[in-house]
Amino acid sequence: MKITTFVKGPIDANNYLLVDEETNEAVLIDCSSAEESYINEIKQSGVNLKYILLTHGHFDHVLGVDKFKKVFGTDVYVSKEDLSQVKLVPDMMQMFAGMVPVNISDINNFVADGDEFFIGKTKIKAIATPGHTQGGICYFTGNSLFSGDTLFQGSVGRCDLLDGDFKQITESIKNKLFGLPDAVVVYPGHGPKTSIGYEKKYNEIVNL
Ligand SMILES: [Zn+2]
């Protein structure tokens, strides 16, 4: 499986394009921009974009979904609990980024804990990790974890926004993510990648 990172949108969110090289089927984890050059790059790569999987409903991770749906005909998945966050996107854009608000169309496909998605024979498993939002989802495949705004290198997602809960996020990380092997590479929603082993040892916020 090939992983390409795109840093896009108003708050530099990481979007990850995972491609199964046998079948050329692909999944995009988070979709934070509808910029033409971004869409063209994915078009020109010739992949078959099968799913767009959202880690959560915050505006800086979802701003491209309507355009991508239209251009690629791809289904977008979010957790049911985070639908309310998607509805708040226009307010959040104004409040946190001073941006002109954009409405995101209803998302009708839902992902829940334990769900599995396939690109070719490559399995991607959803792990619910509430705390940053109530519907936060991480995606696990092979030796890679896509952690959204749950776990960052040396830090965790902020919990002071609507529906955030610090106790819950640290429990999600300790009980679910830290049960994965140390060698698993963690690709967060913002910033550089890390590993489960490194965070277990050095993440002072989780270990407070
Ligand atoms: Zn967020």
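**Briefing on the fold**

This is a predicted model, in which local features need pLDDT of at least 70 and side-chain atom pairs count only at pLDDT 80 or more, whereas totals for chains, interfaces and linings use all residues. Residues are numbered from 1 along each chain as its sequence is written. The secondary structure of the chain comes to seven helices and 14 strands, where helices (H or I, at least four residues) and strands (E, at least two) are DSSP runs numbered from the N terminus.

**Overall dimensions and packing**

- With a radius of gyration of 16 Å, close to the 17 Å that the globule rule gives for 208 residues, the chain is as compact as a globular protein of that length; the radius is taken over C-alpha atoms, and the rule is 2.2 Å times the number of residues to the power 0.38.
- Taken along the principal axes, the box filled by the C-alpha atoms of the chain is roughly 45 × 40 × 25 Å.
- Of the 208 residues, 42% count as buried, a term that requires 20 or more other C-beta atoms, placed from the backbone, within 10 Å of the residue's own.
- Among contacts between residues at least 6 apart in sequence, 59% join residues at least 24 apart, a contact being two residues whose C-beta atoms, placed from the backbone, lie within 7 Å.

**The sheet from β1 to β6**

- Six strands form an open sheet of mixed pairing in the order β1-β2-β3-β4-β5-β6, two strands being paired if DSSP finds at least two bridges between them.
- Because β1 (2–8) and β6 stand at the edges with a single partner strand each, one side of each is left without a neighbour in the sheet.
- Strands β2 (residues 13–19) and β3 (residues 25–29) run antiparallel and are joined by four bridges, with Leu 18 standing opposite Val 27 in β3.
- Strand β4 (residues 48–53) runs parallel to β5 (residues 75–78), to which three bridges join it, and Leu 53 stands opposite Tyr 77 in β5.
- Strand β5 is also joined by two bridges to the parallel strand β6 (residues 109–110), where the bridge partner of Tyr 77 is Asn 109.

**The sheet from β7 to β14**

- An open sheet of six strands, again with mixed pairing, has the order β7-β8-β9-β10-β13-β14.
- Its edge strands are β7 (116–119) and β14 (194–195), each of which pairs on one side only.
- Four bridges join β10 (residues 144–148) to the parallel strand β13 (residues 185–188), in which Val 186 is the bridge partner of Leu 145.

Note on methods
Buried ≥ 20, exposed ≤ 12 C-beta atoms within 10 Å, placed from the backbone.
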